[in-house]
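Before reading on, please take a moment to look over the model shown below.

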2 protein chains.
Amino acid sequence: MNTDMQHPVQNCNSVLGAIGDALYVIGGKWKLRVIVALREDNKRFNEIQRAVEGISARVLSSELKELELNGFVKRIVHTQTPVVVEYQLTGYADTLSDVLQSLASWGNMHRDKLRKER
Amino acid sequence: MNTDMQHPVQNCNSVLGAIGDALYVIGGKWKLRVIVALREDNKRFNEIQRAVEGISARVLSSELKELELNGFVKRIVHTQTPVVVEYQLTGYADTLSDVLQSLASWGNMHRDKLRKER
């Protein structure tokens, strides 16, 4: 069962640890969805909320704060009148490309499988 | 920002949808950790609980039921005395290899980054 991950038994804990670390920062229901929405372009709060279906303003606000704290998102304040606040991905968010790509491929594959089963 | 995912703006919704689909099935705090623990070898309930640090019996039980329902895990009952129940990954769980690999790599990279920042 573990051949294609090429880790012998003694490495299981370190793989588990690394995946645990990743999920600690980007796990949960919303973080990756917010990041994907921002990959398209910088967005204002309301634009993100429209792009990420089902997220409440309260939850989006707290997710954005955590994403900022962890260095994935920058809050940009344009001091014109009226003030415009935008959210932008940082370069560090780009390090998630492989994760997002593999999740998107798997999601597509899984969706096709479900379709065929119906 | 979207160059390395190679999706033009009009594809953003479908990528968001595919990632959403993936997270719907394997998102959350525990599912991938349970799957990684079982990649090493089949395990009994208590063995999984020891391998996945911090999971309660109640939560593990419900996670295992959902993983079974979604076709990632098989429950094997050995009808000896006493009866032994083991959990085993299915072939379908192997389709998650790329996702797990990319999460593990990213987790390692992120851990190193945090270490250097301290």
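How many helices and how many strands are there in chain A? There are five helices and two strands in chain A, where helices (H or I, at least four residues) and strands (E, at least two) are DSSP runs, numbered from the N terminus. Read from the N terminus on, the elements of chain A follow the order α-α-α-α-β-β-α.

This is a predicted model, in which local features need pLDDT of at least 70 and side-chain atom pairs count only at pLDDT 80 or more, while totals for chains, interfaces and linings use all residues; side-chain values use heavy atoms, with hydrogens and water left out. Residues are numbered from 1 along each chain as its sequence is written, and chains are lettered from A and ligands numbered from 1 in the order in which they are written.

**Chain A as a whole**

Of the 118 residues of chain A, 43% count as buried, a word that here means under 20% relative accessible area, with exposed meaning over 50% and partly exposed in between (1.4 Å probe, protein chains only). Among the contacts in chain A with a separation of 6 or more, 43% are between residues 24 or more positions apart, and a contact means heavy atoms within 4.5 Å.

**Helix α4 of chain B**

Helix α4 of chain B covers residues 57-69, which makes 13 residues, and it reaches 18 Å from its first C-alpha to its last, close to the 18 Å expected at 1.5 Å a residue; the expected span is 1.5 Å times one less than the number of residues. Its buried residues are B:L60, B:E63, B:L64 and B:L67. They cover an arc of only 100° around the axis, which puts them on the same side of α4(B), the arc being that of the directions from the helix axis to the C-beta atoms. An α-helix has 3.6 residues a turn, so residues three or four places apart point the same way.

The buried residues of α4(B) pack against α2 (31-40), α3 (45-51), β1 (73-78) and β2 (84-89) of chain B, whereas the face turned away from the buried side carries the exposed residues B:R58, B:K65 and B:L69. Just after α4(B), B:G71 takes a positive phi of about 80°.

**Empty spaces**

Rolling a probe the size of a water molecule over the atoms shows where empty space is left. On a 1 Å grid over the protein atoms alone, a cavity is a set of points where a 1.4 Å probe fits but cannot get out, and a pocket is an open set with protein on both sides within 12 Å along at least five of seven lines, while lining residues have an atom within 4 Å of a point. Grid points are joined across faces, edges and corners, and a volume is the space filled by probe spheres set on the points.

The largest pocket holds about 170 Å³ of space. Its lining has 10 residues, and A:R33, A:A51, A:E53, B:L16 and B:G17 lie nearest its centre. Both α3 (45-51) of chain A and α1 (12-26) of chain B supply at least two residues each to this lining, and the largest share, five residues, comes from α1(B).

A search of the whole structure finds one cavity of 30 Å³ or more. The largest cavity contains about 80 Å³ of space, and of the 13 residues that line it, the closest to its centre are A:L23, A:L32, A:L103, B:L23 and B:L32. The elements that give two or more residues to the lining of the largest cavity are α1 (12-26) of chain A together with α1 and α5 (97-117) of chain B.

**Single residues**

A:E53, one of the residues nearest the centre of the largest pocket, is found in the loop between α3 and α4 (57-69) of chain A, and at 72% relative accessibility A:E53 counts as exposed. A:K31, in helix α2 (residues 31-40) of chain A, counts as buried at 7% relative accessibility. Leaving out residues up to four places away in sequence, A:K31 touches A:V25, A:I26, A:E63, A:E66 and A:L67. B:V36 lies in helix α2 of chain B and is buried, with a relative accessible area of 0%.

A cis peptide bond joins A:T81 and A:P82, with omega about -5°, and A:P82 is found in the loop between β1 (73-78) and β2 (84-89) of chain A. In chain B, a cis peptide bond joins B:T81 and B:P82, with omega about -5°.
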